[in-house]
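My notes are below the view.

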Amino acid sequence: MLGICRGRRKFLAASLTILFVPAITWIYLFAGSFEDGKPVSLSPLESQPHSPRYTASSLEVRVREVEEENRALRKQLSLAQARGPAHRRANHSKTYSMEEGTGDSESLRAGIVAGNSSECGQQPVVEKCETIHVAIVCAGYNASRDVVTLVKSVLFHRRNPLHFHLIADAIAKQILATLFQTWMVPAVRIDFYDADELKSEVSWIPNKHYSGIYGLMKLVLTKTLPSNLERVIVLDTDITFATDIAELWAVFHKFKGQQVLGLVENQSDWYLGNLWKNHRPWPALGRGYNTGVILLLLDKLRKMKWEQMWRLTAERELMSMLSTSLADQDIFNAVIKQNPFLVYQLPCFWNVQLSDHTRSEQCYRDVSDLKVIHWNSPKKLRVKNKHVEFFRNLYLTFLEYDGNLLRRELFGCPSEADVNSENLQKQLSELDEDDLCYEFRRERFTVHRTHLYFLHYEYEPAADNTDVTLVAQLSMDRLQMLEAICKHWEGPISLALYLSDAEAQQFLRYAQGSEVLMSRHNVGYHIVYKEGQFYPVNLLRNVAMKHISTPYMFLSDIDFLPMYGLYEYLRKSVIQLDLANTKKALIVPAFETLRYRLSFPKSKAELLSMLDMGTLFTFRYHVWTKGHAPTNFAKWRTATTPYRVEWEADFEPYVVVRKDCPEYDRRFVGFGWNKVAHIMELDAQEYEFTVLPNAYMIHMPHAPSFDITKFRSNKQYRICLKTLKEEFQQDMSRHYGFAALKYLTAENNS
């Protein structure tokens, strides 16, 4: 019945078209000529208000064109009827480009497309909750950033569950595993595959491409990905999606016969071999194919012994080519040259290649034509293209897009149970939303999206186990302190930056434009993305503390400049005071200046002189004396050896400790008690506080933070902070018992 239905409808459509199109065309043309003396155009381009009048000769030419179009239409319809319903079912999706997927039909190359409505009872190609599988090879710090932008563009448009298969080195895995774990996007699953284990599979292939050995790993996906995975979309990291990836997934249903690879034709002249004198590319079919976007039918490829096929081809070609120039793309094309039946040519809008001197402009006529943009030039955003500004803006939209907005549910598609998400929901449900301090309590459980090692990091701790990392946190308004700190501290640094997605890109541009920052590879920048109304100061400190590679850390703040030579002095103090085998917190005395331009003291003697002259002060002596009074600055002035001090209420010094010290308590956000609570816990765990006699740090002036302004102006803020302090002290008493009673007593006496 289905075949009869289709046949009758096609025959009726053909008959009506053949009979009425010529007649309607003539009536339309001549009727137009009598209206206000103006002819009516059949072309949408000619229907503009300022189109020129037809002359008799131009009208005659236009009539002949219409007759030619009618003859072509009759021929197309007769060919369609001759081929029968089986052929008509083969390609039923509308095209948006001058090029269409080949399948096995020459008519598609000519732009002949059957509409979706041509079949009775057509079923959707991609089910609503069908999982789409995507594979990406990713290695290193820069590629990890690129993957995030790619994933954002996919998530923005997607309506289906996604399963990302990431072939990653150890660096990318650490970064992306933390990112996706803290991103918590519903209906997204991530699996990692160790790229380093795959190196032996492709390391025998010499490769000149800038992607290095990782640029060859798409060749081994049939072996790497799970054996029960039948199909996968493979993407380069420099891809941006402008449509729902489900549309690309649907193209798998157009594969026929032995077609197992979906690829877009290469849009440059590379494989034509005419770019320069003696240019000798790898063999390819015509212009060749670009492997930035690949559809792989894994099950069929395995049955065809793909592994053996590409290896034999590569071995044969390398005898004369010596190395690959475009990594895996050269080998894919050499295989296709020998076996053209393997490939289904995708329409070129599925991989608009923005390298210099490409034919990419032929792939789109307007914005609606764009599907996938591929920044496949080493120049990336600086590539030459007539519409590059539009493409760049599209890319920057996703680059700076708030990733938190992509945590949306797919309605009607149940997500896999996630233990972390369920625990979070349970904890939040136990909070009282009518509590005036609800927002403070909620912040403790907020999961902030975190991107570790945003910039390249390379550091091996000293072999003598004395190395110390400076730990600090900051927001965008303290960015100017980074260069100064790097000049004062030559050792490793771990920084947590609280930024929005857009601010993270501003920071990246700032850092890349700084000779001081770019010359330092031992600074770990960890982006914690903004969410909520409070500055999560202790979460930031914990993130920076957690990702150090040295046995000791100096817990500082971004507004302080350490004395010159403090790094080496602390390493010697670690040995002298046997920090490895004792629970000590080494105190670095803190001072401050009210001057924005300061001649930094180069010695303790010079600092004491500036203290006497009133150029420097002990830190916060005029607003919060209790915070640093136990340091005993009077004793420090003449001290030549380390001395021990006792904990007192509200003590909050800056200390050097082992990396296994307790974390900061996350309930304290914004301003107030965030360091005090941490020092109290160190004391409860019987840390010994020791002041270093020849160490110092100086606080530089800055405008008041937004949080301290809220603390000073908002009574409820202060009430909630007092409540949180009391609850923390009660928790301390429960955890540490009788020894913690002194904290309650000290608080009452202060």
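These are my entries, grouped by what I looked up.

**Before starting.** I kept in mind that this is a predicted model.

**Salt bridges.** I went to the charged pairs, since side chains of opposite charge can pair when their charged atoms come close. My count came to 34 salt bridges, with 4 Å from nitrogen to carboxyl oxygen as the limit.

I looked up Asp236 and found a salt bridge to Lys218, with the closest N and O atoms 2.5 Å apart. This pair links distant parts of the chain, 18 residues apart. Asp236 sits in the loop between strand 4 (231–235) and strand 5 (239–241), and Lys218 in the loop between helix 7 (195–202) and helix 8 (221–224). Are the two partners buried or exposed, or something in between? Asp236 is partly exposed at 21% relative accessible area, while Lys218 counts as buried at 7%.

Then I took Arg478 and Asp559, which form a salt bridge with the closest N and O atoms 2.8 Å apart. Arg478 lies in the loop between strand 12 and helix 16 (481–488) and Asp559 in the loop between strand 15 (552–555) and strand 16 (560–562), so I noted a tie between parts 81 residues apart in sequence. Arg478 has a relative accessibility of 9% and counts as buried. Asp559 has 12%, and because the limit for buried is under 20%, I put Asp559 down as buried too.

Glu568 and Arg571 meet in a salt bridge at 3.9 Å, N to O, which is within the 4 Å limit. Both lie in helix 20 (residues 566–576), 3 residues apart, about one turn of the helix. Glu568 is partly exposed with a relative accessible area of 35%, whereas Arg571 is buried with 14%.

I also wanted to know which residues are linked in a network of salt bridges. I wrote down Lys152, Asp402, Arg449 and Asp501.

**Aromatic rings.** I counted 32 aromatic pairs. I opened Trp249 and Phe252, where the ring centres are 5.2 Å apart and the planes stand at 80°, so I filed the pair as edge-to-face. Trp249 is buried, with a relative accessible area of 3%, and Phe252 also counts as buried, at 3%.

The other pair I opened was Trp673 with Phe728. Their ring centres are 6.1 Å apart and their planes are at 80°, so this pair is edge-to-face. It links distant parts of the chain, 55 residues apart: Trp673 is in the loop between strand 21 (654–658) and helix 23 (674–684), and Phe728 is in helix 25 (residues 715–736). I found both Trp673 and Phe728 buried.

Going back to Trp249, I asked which residues form one aromatic cluster with Trp249. The cluster consists of Trp249, Phe252, Phe255 and Tyr344.

**Positive phi.** Leu322 has a positive phi of about 70° although it is not a glycine. I placed Leu322 in the loop between helix 11 (306–321) and helix 12 (328–338). Leu322 is exposed, with a relative accessible area of 63%.

Asn465 also went on my list, with a positive phi of about 60° although it is not a glycine. Where is Asn465? I found Asn465 in the loop between strand 11 (450–451) and strand 12 (468–475). At 53% relative accessible area Asn465 is exposed, because the limit for that is over 50%.

**Strand 12 again.** I picked Leu470, which is found in strand 12. Leu470 is buried, with a relative accessible area of 2%.

**Surface charge.** Last, I looked up which residues gather in a patch of negative charge on the surface. I noted Asp432, Glu433, Asp434 and Glu439. I followed up on Asp434, which is found in the loop between helix 14 (419–429) and helix 15 (438–443). Asp434 counts as exposed, at 70% relative accessibility.

Terms used. Residues numbered from 1 in each chain as written. Heavy atoms only, no water. Patch = residues over 30% accessible without salt bridge, like charges linked within 9 Å, V, L, I, M, F, W, Y side chains within 5 Å. Areas by Shrake-Rupley, 256 points an atom, 1.4 Å probe, with all protein chains shown as cover. Salt bridge = Lys/Arg side-chain N within 4 Å of Asp/Glu carboxyl O. Lys, Arg positive; Asp, Glu negative; His and termini not counted. Charge placed at Lys NZ, Arg CZ, Asp CG, Glu CD. Helix = DSSP H or I, 4+ residues; strand = E, 2+ residues; numbered from the N terminus. Buried < 20%, exposed > 50% of the residue type's maximum accessible area, 1.4 Å probe, protein only. Phe/Tyr/Trp six-rings, centres within 6.5 Å; stacked < 30°, edge-to-face > 60°.
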